[in-house]
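Subject: Structure for you to look at

Hello,

Here is the structure I said I would pass on. Please open it beside this message and follow along.

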Amino acid sequence: MEGRVFGLETPLMTALQHLLDIPDGEAGNAAGDKQGPTRAYVRDARAMAATPADVKELPGAYAFVVDMPGLGSGDIKVQVEDERVLVISGERRREEKEDAKYLRMERRMGKLMRKFVLPENADMEKISAVCRDGVLTVLVEKLPPPEPKEPKTIQVQVA
């Protein structure tokens with residue numbers, strides 16, 4: 001969270017904010033060894049924790065409903081990773097205006113992300129996404145249930 005939110009525009013807060021913005025390749029100690037999670041991992045974990053979602057099972061599909069305020073359809077990505085992981089992501093950036101100074105900043109900025117492991121009966125070829133009024137709805141259709149197998153009859157021979 002930025003220091004400006006609380007009116008703490010001190011050199012220390014500015015330096016801390018700068019450290020948080022260091023790219024992943026520059027993280028770690030002087031020897032180049034990384035200790036603990038990477039900045040990308042921490043950023044993604046925070047984004048997933050701060051992005052609320054509803055998951056519904058419908059008769060023929062699964063519905064994932066995610067609030068994506070202030071994002072257009074071009075700013076939202078819906079992907080399938082590792083064959084069965086649905087990834088919904090986007091990023092909301094701050095509006096930069098040189099003549100405006102924020103007195104209070106309460107709306108969430110930054111990355112939005114959620115990951116869902118899809119069930120075995122999800123059809124990976126039939127996924128659709130619609131964003132309306134800042135709410136993204138992703139529908140993943142279900143595969144039809146397998147045909148019940150008829151019992152195999154084996155003829156008994158008399159010896």
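Below are some notes on what was found in it.

The model is predicted, so local features need pLDDT of at least 70 and side-chain atom pairs count only at pLDDT 80 or more, while totals for chains, interfaces and linings use all residues. Residues are numbered from 1 along each chain as its sequence is written, and side-chain values use heavy atoms, with hydrogens and water left out.

Overall layout

The protein chain has two helices and seven strands. Here helices (H or I, at least four residues) and strands (E, at least two) are DSSP runs, numbered from the N terminus. Along the sequence the pattern is α-α-β-β-β-β-β-β-β. Of the 159 residues in the protein chain, 22% are buried; buried means under 20% relative accessible area, exposed over 50%, and partly exposed in between, with a 1.4 Å probe and protein chains only. Among contacts (heavy atoms within 4.5 Å) with a separation of 6 or more, 50% are between residues 24 or more positions apart.

The sheet

Strands β3, β4 and β5 form an open antiparallel sheet in the order β3-β4-β5. Two strands pair if DSSP finds at least two bridges between them. Both β3 (76-81) and β5 (110-117) are at the edges with a single partner strand each, so one side of each has no neighbour in the sheet. From one strand to the next, the twist averages 15°, where axes are lines fitted to C-alpha atoms (for helices over the stretch in contact) and angles run from 0 to 180 degrees between N-to-C directions.

Six bridges hold the antiparallel pairing of β3 with β4 (residues 85-92). Ile76 has Gly90 in β4 as its bridge partner, and Gln79 stands opposite Val87 in β4. The hairpin of these two strands, β3 and β4, has three residues between the strands, and Asp82 takes a positive phi near 50° there. On to the next pair: β4 and β5 run antiparallel and are joined by eight bridges. Val87 has Lys115 as its bridge partner in β5.

Beyond its neighbours within four places in sequence, Leu86 is in contact with residues including Phe64, Val78, Phe116 and Val138.

Asp54 is in strand β1 (residues 53-57). Its C-alpha atom is separated by 5.0 Å from that of Val65, 11 residues apart along the chain.

Asp123 lies in strand β6 (residues 122-132). Asp123 is buried but has no salt bridge, and Lys126, the nearest side chain of opposite charge, is 4.2 Å away. A salt bridge needs a side-chain nitrogen of Lys or Arg within 4 Å of a carboxyl oxygen of Asp or Glu; Lys and Arg count as positive and Asp and Glu as negative, with His and the chain ends not counted.

Regards
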